[in-house]
Amino acid sequence: MKKAAGVWGLAGAFCAMLMTASHAIPAQAGPSLWMQTGAITSQPIGHYEFCQKYKDECEVKSRSVMPAKVTEHGWAVIREVNDAVNRNITPMTDLELYGKDEVWAYPTTAGDCEDMALLKRKMLLERGFSASDLLMTVVRKPDGEGHAVLTVRTAQGDFILDNLEDKVKLWTDTPYRFLKRQASFHSGRWVTIENGGEVLVGSVGN
């Protein structure tokens, strides 16, 4: 993508305003603030096909570092992006839009959950957030239906941007069972979420 260079150029300029360095996560905050990821797992077919179209976006490798602390300005940007996408993109299924399931794409006027999450990720990248802290995530809703959200890794915890909820929430404050997400070290790989069942009572198969 030609735009990629511009996005990463902007990142250096904005990061200082959005996030501050955090070398260690405070132990007293408790492990439930962050998802515990495990082994490499299968990439959703929709994301695999998305990566064939946007190869540069799925080849970003990052060092394994702790997420940074988000500033007040950074939180304002996160809320602004979440609100804008939820307000401006009309919810529609892949079947309605494309005549088939599992199409991951950037929406313009309409899209489903993963489309909105992809757009939020793109917009936050353009505002200076790191790819390693913006992770597409697959969850199971209480009714058993699959769903996709965007996880924002921060020193304050893992927060969820959701098209079904206008408020940005800590992942443990959502009603979902968390199954897997993009790896923070490689945007084209996915990892399991080992403590995803702590959020939702009961067991749902992956």
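Q: Which residues of H3 meet which residues of H5?
A: On the H3 side they are Val-77, Ile-78, Val-81, Asn-82, Val-85 and Asn-86, and on the H5 side Met-116, Leu-119, Lys-120, Met-123 and Leu-124. Contact means heavy atoms within 4.5 Å. Helices (H or I, at least four residues) and strands (E, at least two) are DSSP runs, numbered from the N terminus.

Q: How do the residues of that contact divide into nonpolar, polar and charged?
A: There are eight nonpolar, two polar and one charged in the contact of H3 with H5. Here Ala, Val, Leu, Ile, Met, Phe, Trp, Tyr, Cys and Pro count as nonpolar, Asp, Glu, Lys and Arg as charged, and the others, Gly among them, as polar.

Q: What kind of model is this, and how are residues numbered?
A: It is a predicted model, in which local features need pLDDT of at least 70 and side-chain atom pairs count only at pLDDT 80 or more, while totals for chains, interfaces and linings use all residues. Residues are numbered from 1 along each chain as its sequence is written, and side-chain values use heavy atoms, with hydrogens and water left out.

Q: Back to the two helices: at what angle do the axes of H3 and H5 cross?
A: The axes of H3 (residues 72–88) and H5 (residues 113–126) cross at roughly 140 degrees and come within 10 Å. Axes are lines fitted to C-alpha atoms, for helices over the stretch in contact, and angles run from 0 to 180 degrees between N-to-C directions.

Q: Is that crossing left-handed or right-handed?
A: The crossing of H3 and H5 is right-handed. A crossing is left-handed if the near helix is turned anticlockwise from the far one by less than a right angle, and right-handed if clockwise.

Q: What span should H3 have, at 1.5 Å a residue?
A: The 17 residues of H3 should span 24 Å, and its end C-alpha atoms are 24 Å apart, which agrees. The expected span is 1.5 Å times one less than the number of residues.

Q: And how far does H5 reach?
A: H5 has 14 residues and reaches 20 Å from its first C-alpha to its last, close to the 20 Å expected.

Q: How many residues of H5 are buried?
A: In H5, 13 of the 14 residues are buried, so this helix is largely enclosed by the rest of the structure. Buried means under 20% relative accessible area, exposed over 50%, and partly exposed in between (1.4 Å probe, protein chains only).

Q: Which residues of H3 are buried?
A: They are Gly-74, Trp-75, Val-77, Ile-78, Val-81, Asn-82, Ala-84, Val-85 and Asn-86.

Q: Glu-114 is charged; is it buried or exposed?
A: Glu-114 counts as buried, at 4% relative accessibility. It lies in helix H5.

Q: What does Glu-114 touch?
A: Leaving aside residues up to four places away in sequence, Glu-114 touches Asp-94, Val-103, Trp-104, Met-136 and Ala-148. The C-alpha atom of Glu-114 is also 7.6 Å from that of His-147, 33 residues apart along the chain.

Q: What about Lys-122, buried or exposed?
A: Lys-122 is buried, with a relative accessible area of 19%. This residue is also in H5, and its C-alpha atom is separated by 8.8 Å from that of Tyr-106.

Q: Now the backbone: which residue takes a positive phi just after H5?
A: Gly-128 does, at about 110 degrees.

Q: Which residue has a positive phi although it is not a glycine?
A: Glu-102, at about 60 degrees. Most residues other than glycine have a negative phi. Glu-102 is found in the loop between helix H4 (94–98) and strand S5 (110–111), and it is partly exposed, with a relative accessible area of 35%.

Q: Where is Arg-63?
A: Arg-63 is in the loop between helix H2 (45–53) and strand S3 (69–70). At 71% relative accessibility, Arg-63 counts as exposed.

Q: Lastly, how many helices and strands are in the protein chain?
A: The chain has five helices and 11 strands, and buried residues make up 51% of its 206 residues.
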